[in-house]
Amino acid sequence: MLVSVIIPTYNRPERLAVALQSVQTLDFDHQQLEVIVVNDNGAPVDDVVEAAGRALNVRLVNQSVQGGPSAARNAALEIARGEYVAFLDDDDVFSPQHLSGTLPLLQSGADMVYVDINIARTRVTGTTIDDAEVLVRVNFPYDRGLLEITNHFAPSAVVCRSPRAAGAFFDTAIPVEEDWDFFLSLARTHGYRVVHQPKVAIALHRIPGVESLTTPTSDDAAAMKVYEDCWHLICERYPATTERTRQVRRFMPLLYETAYAKLNAGVSLDHHYYERTLQVLYRALGDPQPSPEQVEDEVRAALEVH
């Protein structure tokens, strides 16, 4: 088996069906593919998996207790037979070129490849992904410094050499930002060589009026605090390796400080504040480096409603 696709799911059977349909549209030999769906003790998805199984080699793992995405992905990693692993969240969609565009890089020396992310405001499938109404594109070239500051790619964008073979798993004790911790572990602890493939893009849905991962932090200071606490924990676990990274890291607390001030004043954040902040931090790592005052102004502006 060449590639294992790992899909954690919880109470979104209709979205899971679309995610699985996007796997079916892959421009890739399905005989070299296995799909592992892990139901994190949510609503039954047996019929969805059975339907996908007519075209794909799909295995369903039903968790007896809800453990979150880390535990679900780990359960799949334990049984994955693929030399390579691709992650897909149940609300995301692969483009048809996701594997055909990333595997050549892996087979020529990369250990982890991530593709661009299109954040769509309309629902798409694998066959309609190019028609998505894209609000934001996350398409940063790989920058180890930026990865040490905060995450700039999502699990669904990643295809990598088998983490289990390297002894790498998600930390189930981290409630959020577990993917960032995992990617840092692969890059820094396990020496994975990370490569960006800008010619391929997956779709993440963020539709007005529909809850997404960023919805709680856009409206709730307590939810934001969970992210801040995990950010500090991961930074302690992985200290900055350059002076430039150490300097730019200090702007993340400013993001949280600004966010709390707005949320406590009853002002919701725009749902794309994080992506705009990423742009600011990426520029701050570059040459010529902007002044601290300029970066501070840009971070605050990134949290304004647009």
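**Close-up 1. Cysteines of the predicted model.** In this predicted model, the sulfur of Cys230 lies 11 Å from the closest cysteine sulfur, that of Cys235, which is too far for a bond. A disulfide would require the two sulfur atoms to be within 2.5 Å, and the structure holds zero disulfides. Cys230 counts as buried because its relative accessibility is 6%, and Cys160 likewise counts as buried, with a relative accessibility of 0%.

**Close-up 2. Contact between helices H7 and H9.** Helix H7, spanning residues 178-189, and helix H9, spanning residues 221-237, have axes that come within 10 Å and cross at roughly 10°. The two helices are therefore roughly parallel to each other. On the H7 side the contact is made by Trp180, Asp181 and Leu184, while H9 contributes Trp231, Ile234, Cys235 and Arg237.

**Close-up 3. Strand E4 and its pairing partners.** Strand E4, which runs over residues 84-87, is covered on both faces, with Tyr84 and Ala86 buried on one side and Val85 and Phe87 buried on the other. Strand E1, residues 3-9, pairs with E4 in the parallel sense over four bridges, and within this pairing Ser4 has Val85 of E4 as its bridge partner. Strand E8, residues 158-161, pairs with E4 in the antiparallel sense over three bridges, and here the bridge partner of Ala86 is Val159 in E8.

Notes:
Residues are numbered from 1 along each chain as its sequence is written. This is a predicted model: local features need pLDDT of at least 70, side-chain atom pairs count only at pLDDT 80 or more; totals for chains, interfaces and linings use all residues. Side-chain values use heavy atoms; hydrogens and water are left out. Axes are lines fitted to C-alpha atoms, for helices over the stretch in contact, and angles run from 0 to 180 degrees between N-to-C directions. Angles under 35 degrees count as roughly parallel, over 145 as roughly antiparallel, 65 to 115 as roughly perpendicular and the rest as oblique. Contact means heavy atoms within 4.5 Å. Buried means under 20% relative accessible area, exposed over 50%, partly exposed in between (1.4 Å probe, protein chains only). Two strands pair if DSSP finds at least two bridges between them.
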